[in-house]
Amino acid sequence: MRNSRLHLPFSLTSLASGTVIVLFVTYIALIAIIMSYAALTIEFSQSVKTDQASVAILEGQYLAALAQITSTNYVAEGYVVPSGELYVKAQSATALR
Amino acid sequence: MRAQFRSRIRYVLVGLIIITLGIFLRLYVIQIIEGNDYMLKADKQFSSGSTGLFDRGSIYFTSKDGTLISAATLATGFLVAINPQTLVDPEAAYAAIAPLASTTISKDDFMADAAKKSQVYIEVAHHLSSDAGQTLNAENIPGVQVLVERWPVYPGGDLAAQTIGIVSYGSSDTLTGQTGLEAEYDDTLSRSGSLYSNFFAEIFSNVGNMLVSADNAREGDVVTTIEPEVETRLLSDLAKVNTQYSSQGTGGIIMDPHTGAIIALGSVPTFDPNDLQNVDPSLLRNPLVENVYEFGSIMKSLTMASGLDAGVITPQTTYDDTGCITVNKAQICNFDLKARGITPMLQVIEQSLNVGASWIATQLGQEKFRNYFLSYFGTKTGIDLPAEQGALLNNLRTTEQVNFDNMSFGQGISVTPVAMIRALAAIANGGVMPPPHLASAIQLDSGTLKPLDWGNGTQVFSAQAAQEVTTMLETVYPNDARLAINADPSLQYANVPVAAKTGTAQVEKPGGGYYTDVYFHSFYGFFPANNPQFVILLYTNRPQGVQYASGTLTATFMDLTNFLADYYNIPPDPQDVLPLPAHVTE
């Protein structure tokens with residue numbers, strides 16, 4: 001009776017073990033990547049919030065300037081109301097000049 | 001050779017396994033066993049040790065060029081805490097902290113805290129600037145911790161404060177929106193996640209939620225239609241009126257009559273949400289949606305539109321004005337008690353005749369009048385602000401004609417300012433009441449801008465009726481403008497056609513009846529009258545030393561009209577502007 005068992009040039013056990021090891025290392029690597037991603041996310045989020053707070057300070061200054069401009073009485077400051085206003089039609093803008 | 005290769009492979013594999021196990025073990029130690037210690041270290045570096053960093057979405061104004069400007073956002077700074085058990089020299093610590101604190105720290109309180117040796121963490125100062133916090137941290141004082149913190153901040157201060165609202169602890173132990181848009185959109189603005197969650201543990205326990213979070217799809221920032229420069233101008237003008245006439249409150253709304261987008265709104269007195277410790281709680285209330293008022297004669301515009309739409313009158317219809325009439329044993333008179341004789345409908349609006357408005361109400365009949373006014377005020381506007389009040393319409397449910405006559409000129413019917421401008425906007429919008437709203441979009445954390453659809457509004461009378469009332473309202477404005485210019489020659493008459501109407505209502509006494517010398521003034525108008533872009537409603541409650549609204553609010557309306565025309569580059573239209581009369585008698 002002829003032995004019909006398949007003969008491979010390498011051990012299936014070694015192949016399976018290697019695969020498990022590779023998958024496991026990949027798994028750990030993925031975890032490391034995810035953790036690095038998480039750490040970066042925290043760092044960037046902090047950075048964004050800090051920048052937002054800085055922008056908020058500038059926005060506060062802008063809005064305070066608006067309020068000051070609005071409340072200023074320019075006549076009392078010595079400026080004169082224009083004696084007349086002339087309206088002209090806006091020139092049409094074109095890129096072909 | 002093959003055996004040698006296989007043995008080398010085995011060595012490599014064993015090495016990999018050892019390295020992997022080492023990494024795995026180290027990660028386990030760091031994340032699980034020593035996780036809390038590292039988290040505390042992180043907290044010491046980045047946040048308050050007790051609660052973590054506060055996080056919340058922003059609310060934005062939108063300038064006319066589309067730039068978003070924060071109305072409510074977060075500030076980042078430092079808090080200072082002491083550990084009485086390790087604080088060696090309280091005097092020196094106080095001397096270092098006190099000059100850097102944003103508010104005054106009581107030395108007695110500080111020393112009392114430092115003496116509490118049973119405690120390990122007491123916060124002594126908040127809201128230090130970044131520079132101050134870093135300076136203090138560099139001193140490395142034993143027993144003193146300098147921790148990062150965030151808190152809500154409102155860059156505009158009192159700008160639209162009652163509308164933007166506030167965040168506070170309220171009845172819970174977390175900061176939540178309590179009033180205004182902060183409360184209305186609290187679900188959107190709140191942040192449920194924590195940056196300091198244990199990612200390693202989450203990977204094993206909750207993989208699905210890490211990839212797709214329903215919260216992230218909902219959380220975002222609120223983009224409003226409020227234009228900051230217009231808002232600033234409106235509030236400045238309202239404050240001037242309130243101060244000049246010692247009123248008990250002055251408010252205003254500027255709205256796009258086609259979409260219902262509110263461009264500016266506000267009332268004074270108001271408050272600074274950055275300094276809530278010194279705020280009178282009654283000022284947190286938003287009178288534009290939470291208070292109801294009897295608006296007086298600006299209601300005649302709606303009475304006129306109802307009569308024209310129902311077909312019971314036309315612009316050419318006349319009536320016999322006797323100056324006073326008696327209805328259900330009550331007397332109704334014109335403001336000056338004078339009779340006009342045969343009078344056309346135009347004069348009912350132009351001269352603001354109470355007898356004429358009552359005559360239109362009688363022509364309409366109670367059922368039609370009731371149906372029209374229920375369509376204007378029977379439902380809340382649905383504006384995106386909390387605690388909106390409904391109108392007081394009890395008189396609509398009676399059968400006494402005197403009540404309907406009174407309502408026809410704005411007495412005996414109380415509505416919120418936002419309900420009033422919604423109804424009046426129908427005149428500027430072809431008979432369609434637009435849906436008033438403040439938020440135009442939600443900017444999701446993902447970066448996606450999700451526009452909000454507010455619908456098209458409700459048709460309450462015909463476009464023809466709206467146009468006929470507009471024509472009448474246009475005749476009112478030049479007379480009021482002349483009176484205002486006589487009082488203040490620096491005022492400018494608009495270069496665009498304007499439709500407007502004033503209202504002066506008597507204020508109801510608490511026990512019934514009306515004061516004879518206490519008034520509520522209102523002013524309503526829109527422009528350009530032939531293609532309205534803005535509708536404006538102004539009011540001032542109980543102004544002192546002046547009887548009629550033309551004396552208090554016309555100048556404010558003119559200033560706002562000129563400002564808006566300039567700011568939004570509305571081209572002048574001198575052909576359609578009615579001439580300013582040379583003389584007008586009050």
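This is a predicted model: local features need pLDDT of at least 70, side-chain atom pairs count only at pLDDT 80 or more; totals for chains, interfaces and linings use all residues.
Q: How do you know where α14(B) and α20(B) meet, and what is the handedness of the crossing?
A: The axes come within 9 Å, and α14(B) passes α20(B) in a right-handed crossing. On the α14(B) side the contact is made by B:Ser301, B:Met304, B:Ala305, B:Leu308 and B:Asp309. From α20(B) come residues including B:Ala465, B:Val469, B:Met472 and B:Leu473.

Q: What makes up the contact of α14(B) with α20(B), by residue class?
A: Its residues divide into 8 nonpolar, 1 polar and 2 charged. B:Met304 and B:Leu308 are among the residues in the contact, and Met and Leu count as nonpolar. B:Asp309 also takes part, and Asp counts as charged.

Q: What makes up the contact between chain A and chain B?
A: Chain B gives 29 residues and chain A gives 28 residues. In chain B, α1 (2–33), β2 (68–82), β4 (144–153), α9 (199–205) and α12 (228–244) each supply at least two residues of the side that touches chain A. That side of chain B has 18 nonpolar, 8 polar and 3 charged residues.

Q: What is chain A built from, and how much of chain A is buried?
A: Chain A has 1 helix and 0 strands. Buried residues make up 4% of its 97 residues, where buried takes 20 or more other C-beta atoms within 10 Å.

How values were computed: Residues are numbered from 1 along each chain as its sequence is written. Chains are lettered from A and ligands numbered from 1 in the order in which they are written. Two residues are in contact if their C-beta atoms, placed from the backbone, lie within 7 Å. Helices (H or I, at least four residues) and strands (E, at least two) are DSSP runs, numbered from the N terminus. Axes are lines fitted to C-alpha atoms, for helices over the stretch in contact, and angles run from 0 to 180 degrees between N-to-C directions. A crossing is left-handed if the near helix is turned anticlockwise from the far one by less than a right angle, and right-handed if clockwise. A residue is buried if 20 or more other C-beta atoms lie within 10 Å of its own, exposed if 12 or fewer, and partly exposed in between; C-beta atoms are placed from the backbone.
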